[in-house]
Amino acid sequence: MIEAVVFDMDGVLIESEEVWDAVRRAYVAEQGGTYGEDIQRAVMGMSSPEWSRHLHEAAGVPAEPQAINDEVLRRMLASFHEHLPLIDGAADAVRRLGQHFQLAVASSSNRPLIDTVLEVAGLAECFSATVSSEEVPRGKPAPDVYLEAARRLGIAAERCAAVEDSHNGIRSAHAAGMFVIAIPNRSYPPDSEALAHADVVIPSIDELTPELIASGSA
C-alpha cells in the first residue's frame, strides 16, 4: 500500500525552473561564461555542489564553485521573497493529499530555498520531512534524495509515491523504487525515455488525487 507522497518542489509546487534558468544565465554571462541549452539541461536536477561545479568547469565561470553557489542562492532567495511563483492548485493538492498520506519534499534546491518556499506558501506544517539533494551524496537522477526522504519518513521507498516534472527527477524517483507520477514541465519537458519510467502521467497537479495515489498500491 502507498503510505506517503514525496513531492519534488521546482516545477511541481512552484514555477521556478524559469527563475533558476534566468538567474544562472545572467550570472554566467556577467562572469564571462557561456550558458547554452546543453548547460541548462545538464544542471536540472543536480544538487547545488554539482551544478555550481558544472558552471565552473563546463560553463567557464572563473569563480570557485562555493562562491557560485552562494551568489546564485542569494539571487534566488531575493526573487522568491519578492514573488513566490506558486503553481495554481499546488497548495490545494498538498492539503488534499495530506489528509490521507504522510508527505515529504525531495528537492534539488538548497535547504534555505526549500524552507523559504514552504514557509511563504504556508505549507511547511504539511510535510513530515524535507530533503535537499545537497544533504545526500548524489543529486538527481541518482535516487539518493528520494531514498533519504523515505528514510526520514520511516516508510519503505516502495510504499511511497513521487511527484515529478523533469527528466532527471523522474529517473531519480524510479531508481528509488517509488510509484512515479509525472506532471511534465511545459517549459522544459522531459524526454520520452524519461517519461517511460513514470507509472502515471497527468497534465496538471489538479488531477493529483488520493484515488490516483491509491492506484499505485499493489
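Visitor: Why is the pairing of Asp8 with Lys140 called a salt bridge?

Guide: The term requires a side-chain nitrogen of Lys or Arg within 4 Å of a carboxyl oxygen of Asp or Glu. The closest N and O atoms of Asp8 and Lys140 are 3.0 Å apart, so the pair meets this definition. It links distant parts of the chain, with Asp8 in the loop between β1 and α1 and Lys140 in the loop between β3 and α7, 132 residues apart. The helix and strand names denote DSSP runs numbered from the N terminus (helices: H or I, at least four residues; strands: E, at least two). The model is predicted: local features need pLDDT of at least 70, side-chain atom pairs count only at pLDDT 80 or more, and totals for chains, interfaces and linings use all residues. Residue numbers start from 1 along each chain as its sequence is written, and side-chain values use heavy atoms, with hydrogens and water left out.

Visitor: Are Asp8 and Lys140 buried or exposed?

Guide: A residue is buried under 20% relative accessible area, exposed over 50% and partly exposed in between (1.4 Å probe, protein chains only). Asp8 has a value of 4% and Lys140 one of 3%, so both count as buried.

Visitor: What makes the peptide bond from Lys140 to Pro141 stand out?

Guide: This bond is cis, with omega near 20°. In general, most peptide bonds are trans. Pro141 is placed in the loop between β3 (129-132) and α7 (144-153).

Visitor: Which residues does Arg171 touch beyond its sequence neighbours?

Guide: Contact means heavy atoms within 4.5 Å. Not counting residues up to four places away in sequence, Arg171 touches Pro141, Asp191, Glu193, Ala194 and His197. Arg171 itself is found in helix α8 (residues 167-175).

Visitor: What are the N to O distance of the Glu135 and Arg152 pair and the accessibility class of Glu135?

Guide: The side chains of Glu135 and Arg152 meet in a salt bridge at 3.3 Å. Glu135 lies in the loop between β3 and α7 and Arg152 in helix α7, so parts 17 residues apart in sequence are tied together. Glu135, at 34% relative accessibility, counts as partly exposed, and Arg152, at 35%, is likewise partly exposed. Both belong to a network of salt bridges that also links Arg111, Asp115, Glu148 and Arg151. The structure holds 15 salt bridges.

Visitor: Why are β3 and β6 described as standing at the edges?

Guide: The open sheet has six strands in the order β3-β2-β1-β4-β5-β6, with parallel pairing. β3 and β6 (200-201) each have a single partner strand, so one side of each is left without a neighbour in the sheet. Two strands pair if DSSP finds at least two bridges between them.

Visitor: Why is β2 regarded as largely enclosed?

Guide: Five of the six residues of β2 are buried, so the rest of the structure largely encloses this strand. β2 also pairs with β3 in the parallel sense over four bridges, where the partner of Ala106 is Val131.

Visitor: How do you know on which side of helix α3 its buried residues lie?

Guide: In helix α3 (residues 48-57), Ser48, Trp51, Ser52 and Leu55 are buried. They cover an arc of only 100° around the axis, which puts them on the same side of α3. The arc is taken from the directions between the helix axis and the C-beta atoms. The buried residues of α3 pack against α1, α2 (37-43) and α4.

Visitor: Why does Asp21 count as buried?

Guide: Its relative accessibility is 11%, so Asp21 falls in the buried class. Asp21 lies in helix α1 (residues 17-30) and touches Tyr35, Gln40 and Tyr188, not counting residues up to four places away in sequence.
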